[in-house]
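Hello,

Here is the model I promised to pass on. Please have a look, and then read my notes below.

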Amino acid sequence: MLLYTIYLVAITAEAMSGAIMGMRRGMDLFGIVMIGTVTALGGGTIRDVLLGHYPLGWIAHPEYLLFTGGAAVVTAFVARYLHHLRSVFLIVDGLGLVAFCVIGCDIAMSAGMHPAIVVLAGMITGVFGGLLRDILCNQIPLVLQREVYATVAVFTGALYVALLHFRVDSAVAQLASIAAGLLFRFLALRFSWRLPNFNGERIRGFE
């Protein structure tokens, strides 16, 4: 129940972040709602398609569309006030990332997948919604450029799988993985941790 509640909060926050991106791109209300919904549910959809897990999450639970679409519409009308909630968004976004990852791992494990695929499924669930958002908004996805985001997802998924492998209770493993992943995310933001960046100068000789 706790994980489900976190999931609902997370998809709502992700839908709002997607809606803000759509507004920055000058989209109409339909575009804003679509971008918000894709941001919130896109990662889980891609995971389910890759794993052959049907029906898709939002088809089995259409109420998810109400949460995401409603959040996007509300955001469109109150966006001018949301800058006051930036710190809240960062917290909920980080919580959404690690919660999505744990949920994705659970679904992959229930399908009997190899541990490596389980971790990958968790990572896809966590980051691919934002990746699709950025692609639809015609920009290079942030997850491929600067922030330690996918790394946090992989870490969270790997920790969760490892804890379950050592027979830790599933509820304890979920909470421990979410807490550790969230701490990793906040430390990365606080100290501006980055993966190595390779610019065009390094491949100039191949032109």
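Where does Phe191 lie relative to α8? Phe191 sits in the segment after α8 (helices are DSSP runs of H or I with at least four residues, numbered from the N terminus).

Two remarks on the source: this is a predicted model, in which local features need pLDDT of at least 70 and side-chain atom pairs count only at pLDDT 80 or more, while totals for chains, interfaces and linings use all residues. Residues are numbered from 1 along each chain as its sequence is written, and side-chain values use heavy atoms, with hydrogens and water left out.

Phe191 counts as partly exposed because its relative accessibility is 48%, and Trp193 is partly exposed as well, at 36% (buried is under 20% relative accessible area, exposed over 50%, partly exposed in between, with a 1.4 Å probe and protein chains only). The rings of Phe191 and Trp193 are stacked, 6.1 Å centre to centre with 20° between the planes. Phe184 and Trp193 form a tilted pair, with 6.1 Å between centres and 55° between planes.

Elsewhere, Tyr7 is in contact (heavy atoms within 4.5 Å) with Leu41, Tyr64, Phe100 and Ile103, leaving aside neighbours within four places in sequence.

Best wishes

How values were computed:
Helix = DSSP H or I, 4+ residues; strand = E, 2+ residues; numbered from the N terminus. Phe/Tyr/Trp six-rings, centres within 6.5 Å; stacked < 30°, edge-to-face > 60°.
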